[in-house]
Amino acid sequence: MCYRKKKEGICSWEEVVIPYASDSDSENVDLQQSNLEDVKKSPSSHEFTDRSRHPSHEDPFSEDTIEKLIKSVQKFFNDEPKSEHEKLTFLRSLSSLSQILPDDEAAKSFIHSHIADIVHVIYIMVEEEPLHSLFSPVRQEVFVTITDLSYQDVHLLFGSKDRDDLFCLIIKSIITLPSEKTLTRLQEIMPSGSCNSECLYRQMFQMFSEMLQSLVVKDPHLENFDIIFKHLDPWLQSVKDCERERAAASMAQVLKCLCRHLYVRFPLRFQRLGHLVARMALLCGDPLKEVSEEAAEGMHYLLHITLRLKYITKDKKNRQSLRRAMKKCQEFLECYRIKGFYTCPFRIGQIFEVFLDSDELCQFVLTILDGLKNLNHQCTQQSAGELLISLVKNAKSQFEKVPEIMGVICAQLSMISEPEVRQHVITTVSLFISMPKYTDTVISHLLCHPVPYGRDLAEVWRTLKVELPSTTLILSRLLRKLQKCHDVPTQGKMAYVAVSATDALYEVFMGNKLSEATFELLPQLLMTLLVQIHHSIDLTMSDVAIPPGLYAEQEMSSKVTPLCFAIQATKTLLFRTMCLQEFSIMEKNKGWTLLAGKDCHLQGVSLLANALLQRNHILAQKILYLLVPLLNRGNDKHKLTSAGFFVELLQSPVARRLPSIYSVDRLKDWLLHGDNLFKILALRGLCYLMRHQEKREDIKSLMPRFLDLLCETEEKIVLLAIQILLQLVRTMDFSTLRDMMRTLFSLFGDMRPDVHCLSMTLFGASMKSVKHTDKKGVENQVLDSLVPLLLYSQDENDAIAEESRRVLTICAQFLKWKLPQEVYCRDPWYTSPRLLSKYLDRSELRMKGTKWIEDGKP
């Protein structure tokens, strides 16, 4: 092995020649770095020309001979050779000229200036050869000619499209030959001859292999090797055993030759090492013994090549990492017999993983995934699955193109029918998604697929296999994807990720593989899904910002809506977390219909919150503490749903522990909110907090605001304000009572029956709360209320009439009057129009503007 380094000015290049060890060393892989560094250039290192097929010429060709050879070749450019003799003459003349190229400028100039013509003629020759014939010597002579020219750096197979097409045709002509058994049968039905088909086949294949090897003996940038692999790769995947065997054998021979004559100069053009390692590793598990043996031999040489390439390409700073990789590789090899190692794809993955960089690892994985499509050989699929898991487990965080890998996985999963192999693929996804470095990347890619998810992607979500510490990470990251969508304003279209993340959560809940994390994150999951329901009300998929082209090949069903995904995910969450009683309450009380309604969503939220308070107070407490910091985050719908749930949870005994800044003060802010729904929630929350004695003083300070709310036009606000004032009325000072009674009097006769009724109730409670010394100050207000109360005692609304009579009694007690029994009569007063005039002072009635009562006239 030789290593030579030269630097001139700013230009530098490295040139390495590493002759291969003896073939008898097939049981050893030399991993001693000292052997890689102990390089010594041999004088014959650059002598690659194999002249064994041609007689040596002690004297150079004469000029006449050279001229005849040139003319012999040239005449066929315009008049293509037809007979076998002409074809052989053309090819042998080229071979003869190749021997004198280094010494004769005329021959060299002729060959180089007519390469396109030569390639064209040879292409026609090969194309005319019978595909199933071994008996024509023309094909063999083509191999010989190309080999001879290659040794003189004249490449007929590289450098242009025409040459590439010729290379492709030549490979096809040899790889697609019938199997040896078929060739033997063909010979039996043909006239007997002296040629044996088996011998001809082996001879032709040997010449073909020598031709390929001639292309890499002087390949300093490995670009020729790259082209050879590109052309052989499709045949290495052939469904026909004989074609796969020939391709594997050809690749093994090329690797052997390259290993023996590794001659490298930078920059390297071969950038598909990971792809090659994966392809050969898959072939090591091929069901056909001959293929696996050829591939195993090729892997032996490839490991040698990889070791040397990595040593050459590693800079001085990375030499230490190379030593560690070699040590790890040596430890693996000591665990297995070499031959056993080369025939086990799982172990091959372990060995090569330590040497492949991030790009090569990606190539490896993508190639293995491509091998999963092999429907003809289940064992190949099995090998691919094992290789995949082995590599991802060991390489850990060295991958850089995870989105590309995930794209291939999602595209090919539908082609894999074998359950065990499918599980290998899903395990690979699980490994990637459980690595914190890739969790978001994998989740983002999985979410960029049409919903509802198809069978394959749903299976991925449902059968994720991750260790316990990672389950919470995965579910929390997925949850966060959905939560981010609730932070933006709701004016535009809904983000597609919100719908896909909701569907993904549903699939995860259905699979129940992340159950521990589901229980742990239940408060966050439940609240986020309730918010998503709120965002999804009345939306169709046309209201979602679907990425272009996502549904290009399929129509979206009108039954598929963002709301249906959110509802089914919420139902499944309750079911999987054993909230069965809460689920039942929602079902019996049409809770899901309430949640899905635009005007009754908060009723559904309230129903579920109260169900949790009744049946699962521990979970209710967790959600209460979760909501405290979240109430002021997100958009309006997020805040409203959270507020609705939070308010109901204030009924819990633990609510008394909340500092006022998180309870009363927050509700006070909502009382000033421009949205009446927040005012309603604030008042309801304050009603609940009134049950906790510790909160009463703080709530009492809001008295002026409650009085102002009595003038609101929203009925619910007025009713809730009155309910709170009923609980505070006994603590009010006289001036507050007087002002409130004046306001309440204005609500007598309100068109809203409940407001009318409850205002009278509070008016009566206010009279009871007035101290004896202050009664004179409100006596006129009480007197003013008598007539309206008398009138409303005859109201057609029984509740109003009953409450009016009750408050009249309180008024009488306040004034120390005794009302006649006729006041409590439910019969209409128009049958006794002078009833009031009998008991009231006439002059006072006139002062009150009630002369019509005295006169009995309307």
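**Helix α3 and beyond**

Tutor: Let's begin with helix α3 (residues 84–100), which has 17 residues and reaches 25 Å from its first C-alpha to its last, close to the 24 Å expected at 1.5 Å a residue. The expected span is 1.5 Å times one less than the number of residues, and helices (H or I, at least four residues) and strands (E, at least two) are DSSP runs, numbered from the N terminus. This is a predicted model, where local features need pLDDT of at least 70, side-chain atom pairs count only at pLDDT 80 or more, and totals for chains, interfaces and linings use all residues. Residues are numbered from 1 along each chain as its sequence is written, and side-chain values use heavy atoms, with hydrogens and water left out.

Student: Which residues of α3 are buried?

Tutor: The buried ones in α3 are K87, L88, F90, L91, S93, L94, S95, L97, S98, Q99 and I100. Buried means under 20% relative accessible area, exposed over 50%, and partly exposed in between (1.4 Å probe, protein chains only).

Student: What do they pack against?

Tutor: The buried residues of α3 pack against α2 (63–78), α4 (105–113), α5 (115–128) and α6 (137–151).

Student: Take α4, then. At what angle do α3 and α4 pack?

Tutor: The angle is about 125°, and the axes of α3 and α4 are 9 Å apart. That makes α3 oblique to α4. On the cut-offs, angles under 35 degrees count as roughly parallel, over 145 as roughly antiparallel, 65 to 115 as roughly perpendicular and the rest as oblique. Axes are lines fitted to C-alpha atoms, for helices over the stretch in contact, and angles run from 0 to 180 degrees between N-to-C directions.

Student: And which residues meet there?

Tutor: From α3 you have L94, L97 and I100, and they meet A107, F110 and I111 of α4. Contact means heavy atoms within 4.5 Å. By class, the contact of α3 with α4 has 6 nonpolar, no polar and no charged residues. Here Ala, Val, Leu, Ile, Met, Phe, Trp, Tyr, Cys and Pro count as nonpolar, Asp, Glu, Lys and Arg as charged, and the others, Gly among them, as polar.

Student: Zooming out, how many helices and strands does the protein have?

Tutor: The secondary structure comes to 44 helices and 5 strands. Of the 858 residues, 54% count as buried. Among contacts between residues at least 6 apart in sequence, 74% join residues at least 24 apart.

Student: Give me a single residue. Where is L255 placed?

Tutor: L255 is in helix α11 (residues 241–260). L255 counts as buried because its relative accessibility is 0%.

Student: What does L255 touch?

Tutor: Leaving out residues up to four places away in sequence, L255 touches F225, L276, M280, G298, Y301, L302 and I305. Take G298: L255 and G298 are 43 residues apart in sequence, yet 6.1 Å apart in space, C-alpha to C-alpha.

Student: One more loop residue. Where does P547 lie?

Tutor: P547 lies in the loop between β5 (544–545) and α27. With a relative accessible area of 34%, P547 is partly exposed.
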